[in-house]
Structure formats: C-alpha cells, structure tokens
Amino acid sequence: EEYTSTKGAADVPPLLEIRKGPVSLTLEKAREHALANNLGLRSRLITPAIARQKVNLEQGRFDATFSSSVGYEDNLMDRPGGYYKSLSSLMLTLPTGGSVSVGKQIESKQLGTWFKTVHTQGDGVDIKQPLLKGAGIRVATSPILIARLEGRMSEAQAKISMIRLLAEVEIAYWQLDATQRELIIHKNQVKLAQTQLENAEKLIAAGLFTKAERIRANAGLLARREALIVAETAVRLMERELKRLMQLPDLPVDSTNPIICETDWIPVRIKLDPREVVTKAMENRMELAALQLQLLLNDINIRLADNSLFPYLNLEMSYRRLGQALTQSQATKNLYGQERSVDDYTVGSSLVYPFGNRESKAYREASRLEKLKTMSSKKDLEIRIRKEVLDAVDVLERDWNRIIAAMDAAQGAKEAYEAEVEQNFQILLG
C-alpha cells in the first residue's frame, strides 16, 4: 500500500550538506571545532550546572513552608450539627537544625441542646531545637557546603576533560601530519624502487648485472609497495580520529574527505628544569585539586559521623491561645483580650537513642576509611605525576636528539643515493 505524507515540504528539515573534496585545517581551527562540537566534552560541561542546582536544592531546605487545610464534618444524625475547621501554618527551618512553626486556627461548631454555634479562633507557636544530634549551624548547613565542594570538583573534572581533549586534538593533528609526510616518502620510495628495477633490467640486458640483481630490485619494490599500503591506511585512521574529536556536523567520521594540515611544524629547542616542571605540575594539576576537595568532603563527613553518635535530644516548646464566642468578631476580641478561653504553653524534651548505635558507628568508621583511601590516592597520584613529568622531560630531550640524528641521517642517505646513482651512471657509460 502506497504511503502518502501529509507533512508539507516546508515542515521537512533540510538535510545537512556534507563537505566535498579535501578539507584544509589549521591546528587552531581543529581546537576550536573540538571545543565547540565534541559531545563528550559538552556532557562533562553540563555536570557543573547540575552541581549548582544541587546547591540550590540544599539551600531550598531552609525555605519557609506555608500549609493550609479546610474541612467540614457532620455526623448526619437527627439533630443538626457539624462544623468546619481551618488550619494554616507557616514553618521555617532554622540553620541551627531546629524549626519554628506559627499557626492560625478558625473553627465553627454547633454545641449543646440549643444548637448554639460556637466560634473559635486560635494562635499557636511551636519551636523544636535539637541539642545533641543534628544540632549546630555547622552540622545543619553541611549539606550546602558538601554540594558546593562537589560543584567545585565537577568544575575541576570539566577542566581536566577540556585539557585532555585539547591534548588529544593536538596529538591527532600532528600524528596525521606525520603520517601524511610518511606517505609522501613511501610514494617516492616506490618510484625510486621502480626506477632501480628498470635500471637493473637495463644493466642485465647490457650484461653488466646478473639476474640476481633483478630479483633483489623486485623484492625491494614489493616491500616498498607494502609499506605504502600501510602508510595509506595510517593516514585514513588518523583522519578519522581527528574527525571524531572535532565532530563537525558536515564532516562526520564516515566521510572520505582528506584533511590537509595547513599548520607547519617548527622544531624549537626547549631546555626544561625537571624540578621546576614538577613543582608547577604539583601546583596546577586539576587531578590533585579534585582530590584536595575530596579530602575536605571527607573531613565534613567525619564531622557529621561524629555528631551522629550522639542521641536525639530535642527541646520542644509551644504556646497556644484560644478565643471562643457566639460570633466571629467576639471570638477575635476574646482571642486578643482578657476573656481568652485557653492561654497556655508547654516546655519539654524528647530523647531517642538506639541500643548499640551500630549504624552511626559504622558511618563514622566508613568516613574515616574513605579519608584514608583519598589520602592514599593523593599520594599515589603525586608519585605518578612526578614520574609522568620527569618522563616527559626525558622524552622531549630524546625526541630533540632524534630530530638532529634524523636530519644527519637524511643528509647521509641523500649523499649515498647520489653516489650510487653516479656510480650506476658511470657503469652504463662504461
């Protein structure tokens, strides 16, 4: 059965046009594309925003809460009865761990054999304050501080992800440039091997070389062709890796567009002091900053765990006053006048303590173990950072020496090639 779409042509989103042909790319543009389009980095940058909302969530626990209820009740018996009742209250959570609640009561009810309607109005205040477990500003506001530290940790992790992405882009860019240069070399080697084979054929025809020279030249040509295939594959792999890091919508990873590296590499001699580099790494590495924040979180959790060992001992106070009359206005006057029906207060305390208190003890011990774990991880990371930095300094020195050696070797190979060409030319003339 043929399907006919009812959607208009204007409602259909246009397909994204894929680039055609080679793509010229500088290192700066590659970094810019990766920072703007990499979805992995984008997801990590959302984490600090989520952490900031967690701070708002913890702060919201101290917002005032208003509640109100209205109801009507009737027993449905012969005599008319029933009453309505309205209760409203405003509760505020205190940063000391306690709470204050102010309430208003309005009630109207028929009482007695003469079915008189009695109106009641009342005000009340309730105060609850823990004295041991959960008491104090530092304990009550600890969730806010924890959320803020977790937010700073997520920012550090996001910065780590950004630095790593930039490093991956730069490594992929220069590796692509290197594989492209190697590809050019392998193509030239194939041409030279082909030329050597042709020269060998000429020398064999002239009776100056044996057939063994043809076999040797042909083996060299086949080896150069194999290396050329490997080099072509390496270029495609590195182009695909760079496309994955940049994640351009019009240059997907499955595109066949070749990338032309426009940025020229300029080798510069850099002499680094290993001790100074290690010191800078210890001061600026985000991994160490994240673990330092984790240690602060461990300290807060230990403080909360120590507080959880105390029993619940709460101080509770309340005050109530009621005014009753046959009219609402008179009930209001009685409420705030001398004819109050009820005017009392209550002061008391409550104590709750579990036998054994194993949960709190386990929480405290787990918090201390977590801090020991973080401290061990921090020391281990410091050792690994020292090793990475020292290794990087040595590798940098080694690579510079390799560049110098490679340049000398290239010059030597060029001289040897020119000498061999001249020798073969003399043989042909001879």
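**Exercise 1.** Find how many salt bridges the structure holds, and look at one within helix 4.

*Solution.* Start with the rule: a salt bridge is a side-chain nitrogen of Lys or Arg within 4 Å of a carboxyl oxygen of Asp or Glu. The structure holds 21 of them. This is a predicted model, where local features need pLDDT of at least 70, side-chain atom pairs count only at pLDDT 80 or more, and totals for chains, interfaces and linings use all residues. Residues are numbered from 1 along each chain as its sequence is written, and side-chain values use heavy atoms, leaving out hydrogens and water.

Next, take Asp177 and Arg181, whose side chains meet in a salt bridge at 2.9 Å, N to O. Both lie in helix 4, four residues apart, about one turn of the helix. (Helices are DSSP runs of H or I, at least four residues, numbered from the N terminus.)

**Exercise 2.** Decide whether Asp177 is buried or exposed.

*Solution.* Recall the cut-offs: buried is under 20% relative accessible area, exposed over 50%, partly exposed in between (1.4 Å probe, protein chains only). Asp177 has 7%, so Asp177 is buried.

**Exercise 3.** Work out which parts the salt bridge between Asp306 and Arg368 ties together.

*Solution.* First, the closest N and O atoms of Asp306 and Arg368 are 3.8 Å apart. Then place each residue: Asp306 lies in helix 7 (residues 286-308) and Arg368 in helix 9, so the pair ties together parts that are 62 residues apart in sequence. Finally, Asp306 is partly exposed at 30% relative accessibility.

Key: Helices (H or I, at least four residues) and strands (E, at least two) are DSSP runs, numbered from the N terminus.
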